Amino acid sequence: MMKQVVDTVTMKRALTRITYEIIEQNKGLEDLVFVGIKTRGIYLAHRIADRLEQLEGIKVPVGELDIRLYRDDVHKVDHHQEPEISGSDIPVSITDKHVILIDDVLFTGRTIRAALDALMDLGRPQKISLAVLVDRGHRELPIRPDFVGKNIPTSLKEQIHVNVEEVDGTDSITIEQLED
């Protein structure tokens, strides 16, 4: 059973709140680079960058990070099939920049660990921060977000789904109760 917990308006407010926090916590925005984790993190990163440009008149570069090769939860490799890799695309050097990683949901922390490994292969940022739309708890690694749109405590028998207009045709966050 799916239950909507965040609608379009509330999601927009959460992204605006993240944008304001980024402005408040950075004394200058010139060295910022937003990096969205594929797939939904990319769209959220673009939205935050657009909102920041509206508020401050500064265009922050936005990159895309593909972490599939860095994940630790992919146990089987099919040697008969080529891996489907679309790659990362970051339009500027991240070396000596303040990179803000952006993702939709923070759960165990393993996706973020993989993203940190992938970033380090691309350059040496001065600082890395983490922005997530939803923090649902249940961390397995010592990873903490710097910017959070919504804290939504969940049980391990629940799953969070973030829908974005660009992929799903609507903006919403739902919780699904998983079968035992």
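Reader: Which helices and strands each supply at least two residues of the lining of the largest pocket?

Author: First the terms. On a 1 Å grid over the protein atoms alone, a pocket is an open set of points where a 1.4 Å probe fits, with protein on both sides within 12 Å along at least five of seven lines, and lining residues have an atom within 4 Å of a point. Helices (H or I, at least four residues) and strands (E, at least two) are DSSP runs, numbered from the N terminus. Here helix H2 (40-56), strand S4 (98-106), helix H3 (110-122) and S7 each supply at least two lining residues. This is a predicted model, in which local features need pLDDT of at least 70 and side-chain atom pairs count only at pLDDT 80 or more, while totals for chains, interfaces and linings use all residues. Residues are numbered from 1 along each chain as its sequence is written, and side-chain values use heavy atoms, with hydrogens and water left out.

Reader: How much space lies in the largest pocket, and which residues are closest to its centre?

Author: A volume is the space filled by probe spheres set on the grid points, which are joined across faces, edges and corners. The largest pocket holds about 560 Å³. It is lined by 26 residues, and Arg71, Asp103, Asp104, Val105 and Thr111 are the closest to its centre. By class the lining has 9 nonpolar, 8 polar and 9 charged residues; Ala, Val, Leu, Ile, Met, Phe, Trp, Tyr, Cys and Pro count as nonpolar, Asp, Glu, Lys and Arg as charged, and the others, Gly among them, as polar.

Reader: What does the UniProt annotation say about residues 99-111?

Author: UniProt positions are given in the numbering used here, with feature names shortened, and annotations may be inferred rather than shown by experiment. The unreviewed entry annotates residues 99-111 as "short sequence motif: PRPP-binding". In the model, that stretch is 15% helix and 62% strand, with its end C-alpha atoms 16 Å apart.

Reader: How should I read the sheets, and in what order do the 5 strands stand?

Author: Strands of a sheet pair through backbone hydrogen bonds, either parallel or antiparallel. Two strands count as paired if DSSP finds at least two bridges between them. The 5 strands form an open, parallel sheet in the order S3-S2-S4-S5-S6. Its edge strands, S3 (62-65) and S6 (147-151), each pair on one side only. Strand S2 (residues 32-37) runs parallel to S4, joined by 5 bridges; one of the pairs is Gly36 with Ile102 in S4.

Reader: And which strands stand at the edges of the sheet of 3 strands?

Author: That open sheet has the order S1-S8-S7 with antiparallel pairing. Strands S1 (2-6) and S7 (158-163) stand at its edges with a single partner strand each, so one side of each has no neighbour in the sheet. S1 pairs with S8 (residues 172-177) over 4 bridges, where Gln4 stands opposite Thr174 and Met2 opposite Glu176. S7 and S8 pair over 6 bridges, and Ile160 stands opposite Ile175 in S8.

Reader: What does the secondary structure of the whole chain come to?

Author: The chain has 4 helices and 8 strands, in the sequence pattern β-α-β-α-β-β-α-β-β-β-α-β.
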